[in-house]
Amino acid sequence: MFLLATYTYNSNNGKLVSMKYGNDTIPVTYQYDALDRLKRVCCNIEGKLSEYVRYNLDDRGICLSLKNGKFLKNIRFKK
């Protein structure tokens, strides 16, 4: 049987911690802030941790911007 991916969850809060493709290529890790909000998604490429995307949240947890490598996208909401 071939697995597409394997997921690992934190036993304390149920948050996704990592994902690994079935062919063992690129493991992905998920990092959260102190309030359990997703902050970063990282890949482990050839033993080096590389940030894939970073979320910049305000105090209410609203995403203000996200950064994917060199690409930075500011998010604006209409009032």
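Me: Where in the chain is Asp58 found?
Reply: Asp58 is in the loop between strand 5 (48-57) and strand 6 (63-68). Strands here are DSSP runs of E with at least two residues, helices are runs of H or I with at least four, and both are numbered from the N terminus. The model is predicted, so local features need pLDDT of at least 70 and side-chain atom pairs count only at pLDDT 80 or more, while totals for chains, interfaces and linings use all residues. Residues are numbered from 1 along each chain as its sequence is written, and side-chain values use heavy atoms, with hydrogens and water left out.

Me: Why is Asp58 called buried?
Reply: Its relative accessible area is 14%. Buried means under 20%, exposed means over 50%, and partly exposed is in between, with a 1.4 Å probe and protein chains only. At 14%, Asp58 therefore counts as buried.

Me: What makes Arg60 and Asp58 a salt bridge?
Reply: The closest N and O atoms of Arg60 and Asp58 are 3.1 Å apart. The rule asks for a side-chain nitrogen of Lys or Arg within 4 Å of a carboxyl oxygen of Asp or Glu, and the pair at 3.1 Å is counted as a salt bridge. Arg60 is exposed, because its relative accessibility is 68%, whereas Asp58 is buried.

Me: Which backbone atom does the side chain of Asp58 reach?
Reply: The side chain of Asp58 reaches the backbone nitrogen of Arg60 at 2.9 Å. A polar contact is a pair of N or O atoms within 3.5 Å; within protein, one must be able to donate a hydrogen and the other to accept it, and residues adjacent in sequence count only if both atoms are side-chain atoms. Asp58 also touches Arg37 and Leu64, not counting residues up to four places away in sequence; contact means heavy atoms within 4.5 Å.

Me: How many salt bridges does the rule give?
Reply: The count comes to two. One of them joins Asp33 and Arg37, with the closest N and O atoms 2.8 Å apart. A polar contact of 2.8 Å also joins the side chains of Asp33 and Arg37.

Me: Is Asp33 buried or exposed?
Reply: Asp33 is buried, because its relative accessible area is 19%. Arg37 has 22% relative accessibility and therefore counts as partly exposed. Asp33 lies in the loop between strand 3 and strand 4. Leaving aside its neighbours within four places in sequence, Asp33 is in contact with Lys39 and Leu57.

Me: What is the phi of Asp36, which is not a glycine?
Reply: Asp36 has a positive phi of about 65 degrees. Like Asp33, Asp36 lies in the loop between strand 3 and strand 4. Its relative accessible area is 32%, so Asp36 is partly exposed.

Me: Which residues make the largest nonpolar core?
Reply: The core has six residues: Leu16, Met19, Val28, Tyr30, Val41 and Val53. Strand 2 (16-21) and strand 3 (28-32) are the elements that give two or more residues to this core. A nonpolar core is a set of buried Ala, Val, Leu, Ile, Met, Phe, Trp, Tyr and Cys residues joined through side-chain atoms within 4.5 Å. In soluble globular proteins, nonpolar side chains tend to be buried together. Val53 is in contact with Lys39, Arg40, Val41, Leu66, Lys67 and Asn68, leaving aside its neighbours within four places in sequence.

Me: What makes Asn44 count as partly exposed?
Reply: Asn44 has 29% relative accessibility and therefore counts as partly exposed. Asn44 has its place in strand 4. The C-alpha atoms of Asn44 and Val28 are separated by 6.4 Å, though the two residues are 16 apart along the chain. Beyond its neighbours within four places in sequence, Asn44 is in contact with Ile26, Pro27 and Leu49.

Me: Why is Ile45 called partly exposed?
Reply: Ile45 has a relative accessible area of 42% and is therefore partly exposed. Ile45 belongs to strand 4 (residues 38-45).

Me: Which elements does the chain have, and how many?
Reply: There are zero helices and seven strands, in the pattern β-β-β-β-β-β-β along the sequence. Of the 79 residues, 16% count as buried. Among contacts between residues at least 6 apart in sequence, 2% join residues at least 24 apart.
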